[in-house]
Amino acid sequence: MAERRTDIGPPHYENFLPPVIKKNYGKWLDHDIPRPGVLVHTAESGDKVWSVRAATPRLASIVTLRMFADLADKYSDGYMRWTSRNNIEFLLTDESKVDPLIADLKKEGYPVGGTGASITNIVHTQGWVHCHSSASDASGVVKSIMDELFPYFESMDKLPARLRIAFACCLNMCGAVHCSDISVLAVHRHAPKIDHDAMSKVCEIPSTISSCPTGAIRSATVDGKPSVEVIEEQCMYCANCFSVCPAMSLNDPETDGISIWVGGKLSNARSKPMFSKLAIPYLPNNPPRWPEVVNAVKHLVEVYAKHARKFERMGEWIERIGWPKFFDLTGLEFTKYHIDDFTHAGETYNRSAHNKIFNS
Amino acid sequence: MTEKRQTPKLDELTKGPWPSFVTEMKKVQDNPMVNDLLGQLERSYNEKIGHWKHGGIVGVMGYGGGVIGRYNDLPDDFPECNEFHTIRVNQPAGWFYDSKTIRKICDIWEKRGSGLTNFHGSTGDMVLLGTRTKELEPLFSDLTSIDFDLGGSGSDVRTPSCCNGKARCEWACYDTMKICHEVTMHFQDELHRPAFPYKWKFKFSGCANDCVASIARSDCAVIGTWKDEIKIDQKALQEHYVNGGGVDIARDVVNRCPSRCMSWDGTKLEIANEDCVKCMHCINVLHKALRPGDERGAAILIGGKAPIIGGALLAFTLIPFIDIENSLEDIYEVVEEIWDLWGEYGKNRERIGEFIQRIGLGNFLEQVGLEPAPEMISHPRTNPYIFFELDGEE
């Protein structure tokens, strides 16, 4: 038997670089976006490379991966790459192959787009497909939203700037949705249900108690067995206790659902990076198509597209018009849930007399 | 094989223009694991609740990370996916592949698991979704035989990721793929064997556009920047943007500059570079005429994270500029100082950003041997409760 190899790390990226990329590495001059989903980069050498970007559902079967490999052999010398938002890109040196590749991708069901002022793929989490703490499915909500917003993926002239959407199926935010133009975040709304029988078998009680950021968990003896109790009014459903103790599940089909946050950005371009802020505290889980969530996201996109100025991201637009105007224009209800009450809550109060007075 | 699971709810999600994850699953439904997975997911869609149990410690010999144990809570109804562990495989930097390698991975995964993947997971790994415990060692052996290794999980260095940088971007201020690969190789032990209070993520972006979201999603973000002047090609500016080009230079560029360092008189663009904060907006918009300067490097930011547990944080500037390609040893030294301190005093599940807030940035800097600098803060303190240390004073 061969020697067991460990700690070898990933294969070196140079093995996978197309010749045109190797040759012009670090010597790119400029790029254009001749049409949605196609970038053309020009190097100092005069070489050009056409990148054709197609959507994927992130969850990919080996059947699809093999099909991508075949397309890469046919069109891009066997090379391909994925983007940070789960799109696939084929890098072509022959412009005449761009159209046939796009046609083949479309035929297979992987549309091309997601460049420039568009809505590209939604970064998202595992949901009911593969996660223990999810308050909703992820892939199903993403699919439903992108079906509806599809015209924004295939175009670059419908929005003032790019609009990034992210989805996370619980507050752990494996999808790190806290800095997106629109963040869709599934939430639990009920304190953990404690499995007292399992508690002493599968959990360490002191670390379970200390995991709670609000001190809501106390030790307790239940039916003669060591366990814990939760002061429910102190629970903010963060599920940190569940992460350290499987006997503290927060999953609840009746009360789990989805919240929507707006105005975050990661890029430093123009304004500093911003967190997303709460727009809608709760919408119901309504599989398989989540119509309430889809309609809310679509509405936010449309109001933004109508009112924002060129190059203004969602958060920059809201900063210009102010939050009162945002709630007015969107017609969303402003509630006490919108007001922060965690660690840095006081920093979010409007400690000034600066107010735009308007008739809604 | 048992009967094909019927999934009327999920089938709704095979319709519409966006590529469907359900279609992906159906493409490999002949695999009994996937058949049961579809049945279990349909149940979740009916009951509005997930059916995965919490964790389970499984892995490969000698590693503490890379495999996420996953079991369902309906073993009698869906036995074929009762064990359905996730494997994180460290992706090549920049997510470049060739068809030969993709096919090899598919062949291995067809033999050893469900045939379902994520290209890619949120941290950047290639994720193989769903296999049994008994397949883990053979799978690991198959993967290493084609030169792939596992990624991170748990309280370790998570798989670093980077933008495509110099491979295909004119704005890359340093070689993100090279640095990402070197850092990944340097910290193999820390990546495979969790020994920290909690996770530690590295992300590498070539400029302030931050295509890999490093500032929000990593404990250590390395973001490309430059020191000298933005390069202006006045001729290209005239040619591409003054008459047409869809850009109003005064409105769209000068007035959107966050540091108000630009002026435009209708024929000449001037930049007061000493006021420029390297945000990238003007370069993004006037890309045929403006380029980052020549003296390029990176800023190092620390402490970004999602909400759990003390609230979400964006990373803050620790080192405003460093010639990163020639200073990796210095970076390793700083990072290891930070890990020593955090390892000793950090609480369980406390990310470095939360740790620094708890002990105070001033104390943190003193402990890791860095000088305080005004670039690290948005403004000096406004409260007068200063912990003076009189011991050192004469």
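Over the face of which residue does A:R81 lie, and at what distance from the ring centre?

Author: A:R81 lies over the face of B:F96, 5.2 Å from the ring centre; a charge counts as over a ring if NZ of Lys or CZ of Arg is within 6 Å of the ring centre and within 35 degrees of the ring normal. The model is a predicted one, in which local features need pLDDT of at least 70 and side-chain atom pairs pLDDT 80 or more, while totals for chains, interfaces and linings use all residues. Residues are numbered from 1 along each chain as written, chains are lettered from A and ligands numbered from 1 in the order written, and side-chain values use heavy atoms, without hydrogens or water. Another arginine placed over a ring is A:R189, which lies over the face of A:Y282 at 3.3 Å from the ring centre.

The pair of A:R81 and B:F96 has one residue in each chain, and the two chains may now be considered together. In all, 117 residues of chain B are in contact with 113 residues of chain A, contact being heavy atoms within 4.5 Å. The chains bury about 10200 Å² between them, with 60% of it on carbon and sulfur atoms; this is the accessible area (1.4 Å probe) lost when two parts are put together, summed over both. On the side of chain B, the residues that lose the most area to chain A are B:W18, B:H54 and B:R168, which together make up 10% of what that side buries.

The whole structure holds 31 aromatic pairs over all chains (rings of Phe, Tyr and Trp, the last by its six-membered ring, with centres within 6.5 Å; planes under 30 degrees apart are stacked, over 60 edge-to-face, the rest tilted). Among them is the edge-to-face pair of A:W128 and B:Y45, 5.6 Å centre to centre with 80 degrees between the planes. A:W128 belongs to the loop between α3 (98–108) and α4 (139–153) of chain A, and B:Y45 to helix α3 (residues 32–47) of chain B, so this pair joins two chains. Helices (H or I, at least four residues) and strands (E, at least two) are DSSP runs numbered from the N terminus. A:W128 is buried at 1% relative accessibility, and B:Y45 is likewise buried at 1%; buried means under 20% relative accessible area, exposed over 50%, and partly exposed in between (1.4 Å probe, protein chains only).

Within chain B, the ring centres of B:F202 and B:F204 are 6.1 Å apart and their planes are at 15 degrees, so that pair is stacked. B:F202 is buried, with a relative accessible area of 3%, and B:F204 is buried with 1%. Both belong to a cluster in which ring pairs also link B:F187, B:F196, B:W200, B:Y332, B:W339 and B:W342.

Chain B as a whole has 15 helices and 14 strands, and 59% of its 394 residues count as buried.

Helix α14 (residues 352–359) of chain B has B:I352, B:G353, B:E354, B:F355 and B:I356 buried. They pack against β13 (296–302), β14 (316–322), α13 (328–345) and α15 (361–368) of chain B. Just after this helix, B:G360 takes a positive phi of about 95 degrees.

B:T225 is buried, at 12% relative accessibility. Beyond neighbours within four places in sequence, the contacts of B:T225 include B:C173, B:K278, B:G297 and B:F321. B:A299 is also in contact with B:T225; the two are 74 residues apart in sequence and 6.6 Å apart in space, C-alpha to C-alpha.
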